[in-house]
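Colleague: Can you walk me through this one? I would like the sheet, the helix packing and the cores.

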Amino acid sequence: MNVYDSDKMADILRESHGFELTSNEKEADLLLVNTCSIREKAQEKVFSQLGRWKSLKKENPSLAIGVGGCVASQEGEKILDRAPYVDMVFGPQTLHRLPKMYNDAVQSDRSSIDISFPKIEKFSKFPKARDVKASAFVSIMEGCSKICSFCVVPTTRGYEVSRPPEQIIDEIKDLASKGVREINLLGQNVNAYLAKNKKNIKVKLADLLKLVCDIDGIDRIRYTTSHPLQFTDDLIAAYEDKKLANYLHLPVQSGSNRILKLMRRKYKVDRYLDRIEKLRLIRPDISISSDFIVGFPGETQEDFDATLNLVDKVGFDQSFSFIYSPRPNTKASEMIDDVDHETKLKRLQQLQSKITENAKIISEEMVGSTQTVLVEKKSKKDENQLSGRTENNRWVNFDGPGSLIGEFADIDITEALANSLRGRMSRLI
Ligand code: SAH
């Protein structure tokens, strides 16, 4: 979502001030950092980045620096204590106010701060996207009301708010008219999407997916990130439509019911397995990925073994795993963090190597099959090669002309490498 938000910042400032992006920070008039505070490490990176930018300001006194996103939302004015040379501090919900904040900051010598939560006001202020690629993100809801004990999101992004369906559909139709073929619907808790349409009828994620499936030109749809609690039957039924990618990211976090309870996830392992089983009745070969937290306060070896067991049971594809990081204003940060760092590291490595092994087996099983890929770009290593993504998010490199970028193509998979696949084009779709 930060990628989406950053693109919107560029769009809005291009429209208001004619700013264009540069890859050379030394020639910039305005430097913005869009931050993440989901774990402490991400947060600390912000201050080292700002430290590097401080010296640029000495060389160019008219340079303005802004800090946006969740660290800004969490720290507010405190950012200025550590980095007083920052001109603007704005939150995820106030980025559309950047043009005015920028004017205020350059016209006075005071920093401009706005980290309020004006609900979904920002979406109606965004100009239409200009530079599009084959695949595009579209935010449909923001925030989270689940209050998991480890998670900072409800305090930084706010509680769940959903955009009106008509506004979302208009944005996607515009993207489709500009050549976008794949849409990734975004939300911190995307399957909690719930909004009323103009006829005052409630629209859930499953309903919205149907509307997106009906848009000409959009042939592949993804959504992220879902919470298992609201992975409802109607959402499972939505997989009848083949436009929904054969891939689901459904973070389980832990395979231990005891830890899930301490995390306040509000489901048990059986519920998770039941959802997957039901989904596999419609999509037997669907690829499932997850996020995991290891070393949550009180996690025993037995709890961790339960997570490893679950990985085997579900056969997770490429997934994300993290060492627990205490976050401000969360319940878990008050718990006794009794797992030593070495054990946490060992568990993380063990879990990651199990998941990598699973993902490798899945890649190897794809050799010999034909996969539909969305051709997105020229390959990084070889100009004559193209790169496209399969439904289960693997990059495939193959020979082909640049004119195929933005098209779907059937590729015979010939080789599985560590981070990608190789193939031969069999058919353009
Ligand atoms: N809304 C999603 C999570 C999005 S955050 C959900 O409820 O499943 C992305 C991932 O970061 C989470 O799934 C979790 O695995 C990880 N994460 C969140 N808070 C964390 C923390 N305090 N420490 C370590 N990892 C964390």
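Modeller: What follows takes the sheet, then the helices, then the cores. This is a predicted model, where local features need pLDDT of at least 70, side-chain atom pairs count only at pLDDT 80 or more, and totals for chains, interfaces and linings use all residues. Residues are numbered from 1 along each chain as its sequence is written, and side-chain values use heavy atoms, with hydrogens and water left out.

Colleague: What is the strand order in the sheet?

Modeller: The order is S1-S2-S3-S4, an open sheet of four strands with parallel pairing. Strands here are DSSP runs of E with at least two residues, helices are runs of H or I with at least four residues, and both are numbered from the N terminus. Two strands pair if DSSP finds at least two bridges between them.

Colleague: And which strands stand at the edges?

Modeller: S1 and S4 (112-114) do; each has a single partner strand, so one side of each is left without a neighbour in the sheet. The twist averages 10° from one strand to the next.

Colleague: Which helix lies across S1 and S2, and at what angle to S1?

Modeller: H2 does, running at about 175° to S1. Axes are lines fitted to C-alpha atoms, for helices over the stretch in contact, and angles run from 0 to 180 degrees between N-to-C directions. Contact means heavy atoms within 4.5 Å.

Colleague: Which H2 residues are buried?

Modeller: In H2 (residues 40-59), they are Gln-43, Val-46, Phe-47, Leu-50, Trp-53, Leu-56 and Lys-57. Buried means under 20% relative accessible area, with a 1.4 Å probe and protein chains only. The buried residues of H2 pack against S1 (30-35), S2 (64-68), H3 (69-75) and H4 (78-82).

Colleague: Switching topic: at what angle do H12 and H13 cross?

Modeller: The axes of H12 (residues 301-314) and H13 (residues 341-366) cross at roughly 10° and come within 10 Å. The two helices are therefore roughly parallel to each other, a label for angles under 35 degrees.

Colleague: Last one: which residues touch the most other members of the largest nonpolar core?

Modeller: Ile-140, Leu-185 and Tyr-223, out of 69 residues in that core. A nonpolar core is a set of buried Ala, Val, Leu, Ile, Met, Phe, Trp, Tyr and Cys residues joined through side-chain atoms within 4.5 Å. The largest share of this core, six residues, comes from H8 (residues 205-213). A second, separate core of 19 residues includes Val-46, Leu-56, Val-67 and Val-71.

How values were computed
Angles under 35 degrees count as roughly parallel, over 145 as roughly antiparallel, 65 to 115 as roughly perpendicular and the rest as oblique. Buried means under 20% relative accessible area, exposed over 50%, partly exposed in between (1.4 Å probe, protein chains only).
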